[in-house]
Amino acid sequence: MGSYTVGIDFGTTNSLIAIYRDKEQVEVINTDSGDKFLPSVVYFKNEKEVIVGNNAKAVEVIEPEFTISNVKRFLGSDKTYKIYDMEFLPEDIAYFIFKKLKTVFDEFAGSNNKVNAVVTVPAYFDHLQRESVRVAAEKAGFNVLLLVNEPTAAFIYYDNIYNLDKGNYFVFDLGGGTLDISLVESDEHFCKVLSSVGSTDIGGIDFDICLADYFVKQFLDKYDINLKEDKVAYQQLILQSERAKKELSNLKEINVVIPYITQTKNGVLHFKELITREQFKSISKNILKKIEQILNKFKEENEEYLKEVYNVLLVGGGSRLFLMEDFLNNHLKKAVRKNLNPEEAVVKGAALIAAMLSGKLEKKEFYDVTTHNLGVEDDEGNFEIIIKKNEIYPIKTSKVFTNSIDNIEEIVVHVLQDMAITTLNESISIKDNPDNFVSLGQFSMEIDKNLKAGDANLEIIFNIDSNGIISIKAKDLNRNIEKDFILKKTINNPNLETIDVL
Ligand SMILES: Nc1ncnc2c1ncn2[C@@H]1O[C@H](COP(=O)(O)OP(=O)(O)OP(=O)(O)O)[C@@H](O)[C@H]1O
Ligand SMILES: [Mg+2]
């Protein structure tokens, strides 16, 4: 049995696996269809078999109800997928994709190996989303060495191929489903993320949906038929919209044609619309506005850093969009140069980091920062920050809590992540702003019930490890008793044991 170390980019649209070869070469491993990209699409062929990749993507058009795509967007949520009387959580579906990547690797290297993996996640992923990725990869047979933020991995790759000068870099990563904007400081020996923002609600697919919805409206106006109510027709529109969006990188206008899109009592109808770059820009203005808002907030928060010289590095297939270069030039007042391989930079960076961790490549130190405030609910029901956003992790910090009432038996601590990035020192009610916070759990620790108010000393230790994953320990300092609160997820869907991944 051998041992390998790989990099994995689990993407909203495409997933990739790469391995470091000697002499600084990184190879993305081809899937069985001969492509480097494995579409992150899962098709339930029947109750016992799922197909992952190109084949699943092809079937999605005609059997959307048996096909799942974009699952990365729902990781960490309580969404459930119901197929053939079975229920699946997003991490179960992610497991199928990792399992297929494992097969791709096994076919390349043999199946009897230990495969250590560096797996990338969007910088903006919170604890629950990271845990979902970790468990899905582990369940599929990878030994996860480290979860690395996608912009950090991409930076390591660009640094490796371009030999980047010392300085600050602006990394703009627009993938299929996520946006990450990071500022990275680099010199010969280290790279450090200074600040990072983003969203798991903005990506290339939103442009496709926007264009498809525009086409639906055109068709409705022309024929009084709503194609959105026809799953197959709508799926075709999404697919052709994506194709048109990509073609607009080369062409000023493009015809979108879908023969036999629907049937009326007077015969079949074909779909045909011409779309120009100008029209596309206008149709997608709401998405661009959302990106602009995030960008402006980032510029505001990082005014000082951005004054210094910086270059722009583009990551993710979405950054190829024909209007992105101008959009960024205007907002950053910097010439944005097109980078090589925006879709492969993340996985190749992950493979380089994997090689560094296994001693095959000289190590460059890298430091990542937290992208959310971590805190607890105080006695008034407000959010109290314990670890701020943009702190370098791994990080450990603690706080001592006490009892506010005499003779209580336990102290309850409610731990939350702040998704709306609450301003420090501002009291925000958790109950009144439910969308701002994600609850990571409520922990209770028994205390001596004879204590008067204020006499308990309960130290809560918050730890964010090198994966960005949180764990919590409580210590009753009066009695020297400790308790660990593990926030780990597990996958225990029995259906996974009976389904083959093809
Ligand atoms: N030439 C192009 N013009 C516009 N968009 C493009 C082009 N080429 C690819 N894309 C878009 O890039 C996206 C896929 O990029 P990528 O493979 O980097 O995403 P991903 O890694 O799967 O997603 P994420 O990183 O958000 O999880 C798709 O939305 C695709 O339509
Ligand atoms: Mg990506």
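The model on display is predicted.

**Select the domains.** Begin by colouring the chain according to its domain assignment, which gives domain 1 as 3–202 + 289–369, domain 2 as 204–283 and domain 3 as 373–485. Next, show domain 1 together with domain 3. Their C-alpha centres are 31 Å apart, and the contact between them draws 21 residues from domain 1 and 16 residues from domain 3.

**Select the buried surface.** Between them, domain 1 and domain 3 bury about 1500 Å², and carbon and sulfur atoms carry 55% of this area. On the domain 1 side, select Asp 126, His 127 and Val 369: these residues lose the most area to domain 3, and together they make up 34% of what that side buries.

**Select the salt bridge.** The rule finds one salt bridge across the interface of domain 1 and domain 3. Across this interface there are also 10 residue pairs in polar contact.

**Select the contributing elements.** Finally, highlight the elements that each give two or more residues to the side of domain 1 that touches domain 3:

- the helices α3 (127–139) and α8 (285–301);
- the strands β11 (142–149), β14 (190–199) and β18 (365–369).

Colouring this side of domain 1 by residue class shows nine nonpolar, four polar and eight charged residues.

How values were computed. Residues are numbered from 1 along each chain as its sequence is written. Chains are lettered from A and ligands numbered from 1 in the order in which they are written. This is a predicted model: local features need pLDDT of at least 70, side-chain atom pairs count only at pLDDT 80 or more; totals for chains, interfaces and linings use all residues. Side-chain values use heavy atoms; hydrogens and water are left out. Domain bounds come from an automatic or database domain assignment. Contact means heavy atoms within 4.5 Å. Buried area is the accessible area (1.4 Å probe) that two parts lose on being put together, summed over both. A salt bridge is a side-chain nitrogen of Lys or Arg within 4 Å of a carboxyl oxygen of Asp or Glu. A polar contact is a pair of N or O atoms within 3.5 Å; within protein, one must be able to donate a hydrogen and the other to accept it, and residues adjacent in sequence count only if both atoms are side-chain atoms. Helices (H or I, at least four residues) and strands (E, at least two) are DSSP runs, numbered from the N terminus. Ala, Val, Leu, Ile, Met, Phe, Trp, Tyr, Cys and Pro count as nonpolar, Asp, Glu, Lys and Arg as charged, and the others, Gly among them, as polar.
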